[in-house]
Amino acid sequence: MDVHVMGVALHPAALRIGDKRLEEVVFDTAHDALGNAGISRAELDHVTIAACDELDGRSISSMLLAAPAGAYLKDEIKVTDSGMIGLCMEALRLSSGRFDLGIVASWNKSSKGPLEDVMRMRCEPFYTRPIGLNMTIADGLFAQAAGEAFGITDDEVCATVRAGYERAALNPRGLCRAVPAMEEIRASPYVAAPLRKAHQAPVTDGAVAIVLASGRWLKKHPGARPIARLSGIGWRTDAYNLGNRRLTGFESLKGSFGAALSMCGAKGFADLDLIELDSQTGYHEAAFRRALGLPKSFTVSPSGGPFAQNPYFCTGLVNAAEAILQVSGRAGAVQVKGVRRAAAHGCHGFAQQGNAIAIFEGV
Amino acid sequence: MPKNRAAIIGVGETVFRKHHPDKTYVELAQEAAVKALADAGLTMDAIDAVVFSMAPTQFMGVNDADKWAVDSIFAAGKPFLRVHTGGATGGSALHAGYAHVASGMYRAVLVVGADRIAETPDAQHILNLIWDRFYEHDVALNTVTMTALSTHRQMHFHGTTQEQFARVVVRARRNAMKNPHAHLKGIITIDDVMRSPRVAWPYKLFDICPRSSGAAAVVVAHEDIAKEVCSRPAFINGIGAIANTVFMGDRMGPSADTEMSEIPEAAYAGREAYAQAGITDPIRQIQVVELYDPFSSTQFPQLESLNFCKRGEAARLSDEGAFEPGALLTVNPSGGTLCTNPIGVTGLVRVADAALQVMGKAGEAQVPGVRNALATALGGSVQFATCTVLGADSV
């Protein structure tokens, strides 16, 4: 794939961004990404937005937010699955031959409203809504099924969570929260057995924007310097219903991973240096590692992943930004030495119905 | 210039009406998907990826309803994403499907969606929520009052009359008689429109689209597949889209970049699509247009912005019969959005109906000799526009 990263920006992480309207958050982040790329808005020929009306608290939220994202009088499209799916759409647009220089922007001011109320309304009205399914319960079902299938213990999950917080504490782009003690995690209450409250990555506010260009544009602008190449991308969806096969099959995760690896010519995880996983709970990281066949020695989420910041809808695209920073040697205190190829993962839907993987290479 | 050319090779639509009490939302989407696949002569195994077309979910009451639909439209295990650009959603979804194929990553893509606007007792209350909580909610802005304000300006600039708008409705309802999927249809008169209940000046009830439920789907395939399995594909020869500011006040007056009453977004999107499709003289090269026209006043400025006539001429040409089926330009032979508006798929219905004309499958509504057809979609505060040029020949 001939798609290149020109610049990237993350809004400063916060549990709650209380001093800005959402359009200011989006504008500041898109503006910073363009600044990071050294590209003016006028040069863009398109914009891709990934956002969720229900989480933004407004129908057709792109009416207000397209322009702050850079789309005033530009070709703009919005996807609603997740920030990472925005990157997938952007990769398609740049590869189509129709576009050359664009920005993908995504955000989530999760503090604006109760996330679980939005999630409950995602249930279809006949079976799952009457029983009160929400995100936490779906993750609990996942933890139960994956825990049993893979033999994941509470101790392992607690250790995984603590390790996530330890890495996150070093990430200057994260919240740098105190690392909880093992006892504290173990003693936290169940929210949907076997899932404990401390197993979950707390949701935060945040935004991310990435400027990308086609190879054709780069040839026309020899002075432009990309910071990374998007060399592989894959996305898949699983079934909606949370049966056992769905919860333990990981078909969309594995399918996305395989497609992205194949696109960039990698044979397996051994050809990658690290992966930033969208692990909403400790159970997820433990299960994803096993599903993807990643050995314990493989570097997972050096940024701390969602334990560093977790603007739920765009956490996957935050992972993409962190992977870009790794391959461009700009990850600061969480930089892993000698990274040439890094993967980023995003997921969405009840118990991760949809998954996407992007692979970036240094240039 | 796309790396890989793409064409529509299959079209599926349900019947559109206010309610479908016999089907769930996902069953509606399934019906359209099955019809499109059958029309293309493909099974789902041949489909590489799926794009879902769905605008605000507040009308039908299930957030992210596309995820619920995954199993019903046979998308599990495949690349899947949902596009949402308000009323322009269906047009944008088609463009997303096109990007899948043009990129070379996928060979055949199903673009499908469904909507049930009348699940909510008051769609305009939902549409009030698209506006700013602090400044605009309380002044009763919704999509009717929003476009009524714009229509004031159109009438002021060009002297267009309510009767001229009414003629558009009469033509649309008559055209829809030949469309088995249309929601509203029938023989009515200009007097009928003028006597219908006042809603927001200058709009009467018949000037306004219905709240429709139903689904639509198209199969977009690589040129190689299209030529192999389809005798008359509709090639996607040009796509264009634009996003303008939400603020209507910034789209009028001497310092504005654009004038809202002209629907200038159609001009931007059309210019781009025309350039790709080699359209230099639209009125001679394009035989059929399927315009996104939820209101009787939405056709004229689009026809002018898309260079089918000069600014201010469309109403007179309409009066003279230039936009009747088989005349100078056939406008909305399906009846258009005035007769059928399932918002989340309306733009896709425009594309589907335009594709049927190019493919020679429009039945009683078929216009003879269609080589090029154009479809538009509009969204938000009429700030989003898409334009798609379909052709019998690949450009």
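Which residues in α8(A) meet which residues in α13(A)?

1. A word on the model. This is a predicted model, in which local features need pLDDT of at least 70 and side-chain atom pairs count only at pLDDT 80 or more, while totals for chains, interfaces and linings use all residues. Residues are numbered from 1 along each chain as its sequence is written, and chains are lettered from A and ligands numbered from 1 in the order in which they are written.

2. The opening contact. E156(A), V157(A), C158(A), T160(A), V161(A) and G164(A) are the α8(A) residues, and they meet G282(A), Y283(A), E285(A) and A286(A) of α13(A). Two residues are in contact if their C-beta atoms, placed from the backbone, lie within 7 Å. Helices (H or I, at least four residues) and strands (E, at least two) are DSSP runs, numbered from the N terminus. By class, this contact holds five nonpolar, three polar and two charged residues. Here Ala, Val, Leu, Ile, Met, Phe, Trp, Tyr, Cys and Pro count as nonpolar, Asp, Glu, Lys and Arg as charged, and the others, Gly among them, as polar.

3. How those helices are set. Two packed helices are described by the angle between their axes and the distance between the axes. For α8(A) and α13(A) the angle is about 100° and the axes are 8 Å apart. Axes are lines fitted to C-alpha atoms, for helices over the stretch in contact, and angles run from 0 to 180 degrees between N-to-C directions. The two helices are therefore roughly perpendicular to each other. Angles under 35 degrees count as roughly parallel, over 145 as roughly antiparallel, 65 to 115 as roughly perpendicular and the rest as oblique.

4. Helix α7 (residues 135-150) of chain A packs with α13 (residues 282-292) of chain A at an angle of about 45°, the axes being 10 Å apart. α7(A) and α13(A) are therefore oblique to each other. The contact joins F142(A), A143(A), A146(A), G147(A) and F150(A) of α7(A) to Y283(A), A287(A) and R290(A) of α13(A). Its residues divide into six nonpolar, one polar and one charged.

5. A residue is buried if 20 or more other C-beta atoms lie within 10 Å of its own, exposed if 12 or fewer, and partly exposed in between, with C-beta atoms placed from the backbone. Among the buried residues of α13(A) are H284(A), F288(A) and L292(A). The buried residues pack against α7, α8 (154-170), β6 (195-196), α12 and β10 (299-300) of chain A. Just after the helix, G293(A) takes a positive phi of about 70°.

6. The nonpolar cores. The largest nonpolar core has 257 residues, and I103(A), I210(A), A358(A), V218(B), V219(B) and A355(B) touch the most other members. A nonpolar core is a set of buried Ala, Val, Leu, Ile, Met, Phe, Trp, Tyr and Cys residues joined through C-beta atoms within 7 Å. Helix α13 (residues 343-359) of chain B gives the largest share of this core, eleven residues. Not counting residues up to four places away in sequence, A355(B) touches I8(B), V11(B), V218(B), A234(B) and L390(B).

7. Where the chains meet. In chain A, 47 residues are in contact with 49 residues of chain B. The largest share of the side of chain A that touches chain B, six residues, comes from α5(A). That side has 20 nonpolar, twelve polar and 15 charged residues.

8. Backbone details to check. The peptide bond from A193(A) to P194(A) is cis, with omega near 5°, and P194(A) is found in the loop between β5 (190-192) and β6 of chain A. In chain B, the bond from W201(B) to P202(B) is cis, with omega near 10°. A351(A), a residue other than glycine, has a positive phi near 50°, and is buried, with 22 other C-beta atoms within 10 Å. D64(B) is not a glycine either, yet has a positive phi of about 50°, and D64(B) counts as buried with 25 C-beta neighbours inside 10 Å.
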